[in-house]
Amino acid sequence: MSTDSLILPQAIAVPFLAGLVLLVKGKQIAPWLARAVAWVGFTVPAVTAVCVWIIFAMRPGQTPLIEHAFSAQPGELFSGSPEYLFRSDFDTGLGFLGITLQLGLNGLSLPMFVLAGIVGLAAGIYALYTPVDRPHAYWGLLLFIVSGAVGVFASINLFYFYFFHEFALIPTFILIGWWGGAGGRAAAIEMTIYLTLGAMLSLLGLLALFLRSGAESFDLVSLSTWTLHASPAEASSHKIFGLLLFGFGILVSLWPFHSWAPSGYAAAPAPAAMLHAGVLKKFGLYGLLQIAVPLLPGEMHDWSHLLTWLALGNVILIGAATLAQRDLKMMLGYSSVMHMGYIFLGIACVSALGAGGAVLLMFGHGLSVAALFLLSDAVYARTRTYDFGAMGGLCQKAPVLSAFFITATLAGIGLPGFANFWGEFSIFVALWKYSPWMTAAAAVGVVLSAVYGLRAVSRVFYGEPSPAFQPLFDRPVADIRPGERWPAAILLGVLMLVGFCPSLISRGINEAIPIVYQDTRPAAHYSLTLNVVPASATAPTIVTPKAPSR
């Protein structure tokens, strides 16, 4: 077995084994040794993610699928099997059922794999230096989440794609129930009900897709090959796509199936909220982009109109609900739900630019929302409240914490210079081609996010302290400590790196999006030549649209 084939398995196995050691033997080993084991478990996936990111970026140039795909006329579909690197296959004894542990990365899964590694490290560092009861169990459960999250995006086999997600959800529920804040157990129960429903629907859809294909294996390469050779009628199923859309949608808090998310994140300990909102929540979106749309070509066209309406519910209705919040952590929970609407809009555009923008925004949002949950917990550690009305003027006592929080807020809003900007910009360009009036409606969300984000900054860090907050100013208050500073710096540093050099992510997306997403407007077909964000430029290059001959 080559060294390359062990890269991805070690990123999954090391945090799992470290978590197992802490859960089984954590009470019996010295505290410093338990912390060292946890450090190894959190570090290995992150180092692996950065290494594969560098190796991927240094490969010889490939011909992007997207660049030549848009010469297709309406109704023509191209479906391919993108190259998977770092392949490894392990016989699990279930080969007769089409189930083998197959791992690999393409340009679409790579950003999510990197996201899981980086957010996992940041959440781990913060957890390691935050006092909690039963720290060995706390760290062990977080390591299980990291192992499952990394496994989700490294899996080529649909069974293990689903298995790793469910494996990561179980410790998430436990962490919220045991270490959560007020209403933690009720929030964990509500999350369990909603996410179990979404998981069951998506599982039914995946099984139906496999059985319909007649493929001998659950792996994406075999299923993509079947799609290539199937007739349009064989490769279409309105009901199966609906199961996947709503199953994945519930897992991502698509409106109106969203109520579990804000209360769950508000009750969750910060590292668990970072991992779920930042990484695991992208499972459903990734499933649509990597599985549902490519393997059922044409069905997204039929469902896109409904999806855009539901996504606008996320952007506008949940955006308005976010504006009404007076609790900092609840505001962040609603904000996370709101921004999922933009990603759904990118997918619903049925265009390569929209899909690429969705991946970029998934990556940027995962980092920014993780940073905000971490920093909001740091605010609470100093103020003992999340209530806006009981705060004010914290910048005077913690200027560095204020600077970090403001930076993360601006990233979440989509300010240029951060990864989120390229995702939102690409989605809005694609959405304009789909429907100008929907673009105008979605733009309302940009205003809402700026208002509630800047209002939170103003209420917490600036102005005069409230009477309830005044006693805080009569005693020393520590500014951001190293256990908070370094994980936040990692998250914001990567956000800015991709913000200034988006081709680090977009190049792989250009090579890997496995289907032509075409403009769906009947009035004209747009022939485009573009990279999602080309390496030679800082913005998409869009050729003037031309209408086809009639």
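Q: What share of the contacts in the protein with a separation of 6 or more comes from residues 24 or more positions apart?
A: The model is predicted, so local features need pLDDT of at least 70 and side-chain atom pairs pLDDT 80 or more, while totals for chains, interfaces and linings use all residues. Residues are numbered from 1 along each chain as its sequence is written, and side-chain values use heavy atoms, without hydrogens and water. A contact means heavy atoms within 4.5 Å. Among contacts with a separation of 6 or more, the share from residues 24 or more positions apart is 82%.

Q: Is His165 buried or exposed?
A: His165 has its place in helix 6 (residues 158-179); helices are DSSP runs of H or I, at least four residues, numbered from the N terminus. Buried means under 20% relative accessible area, exposed over 50%, and partly exposed in between, with a 1.4 Å probe and protein chains only. Because its relative accessibility is 2%, His165 counts as buried.

Q: Which residues is His165 in contact with, leaving aside its neighbours within four places in sequence?
A: His165 belongs to helix 6. With neighbours within four places left aside, its contacts are Val152, Leu251, Leu280 and Phe283.

Key: Helix = DSSP H or I, 4+ residues; strand = E, 2+ residues; numbered from the N terminus.
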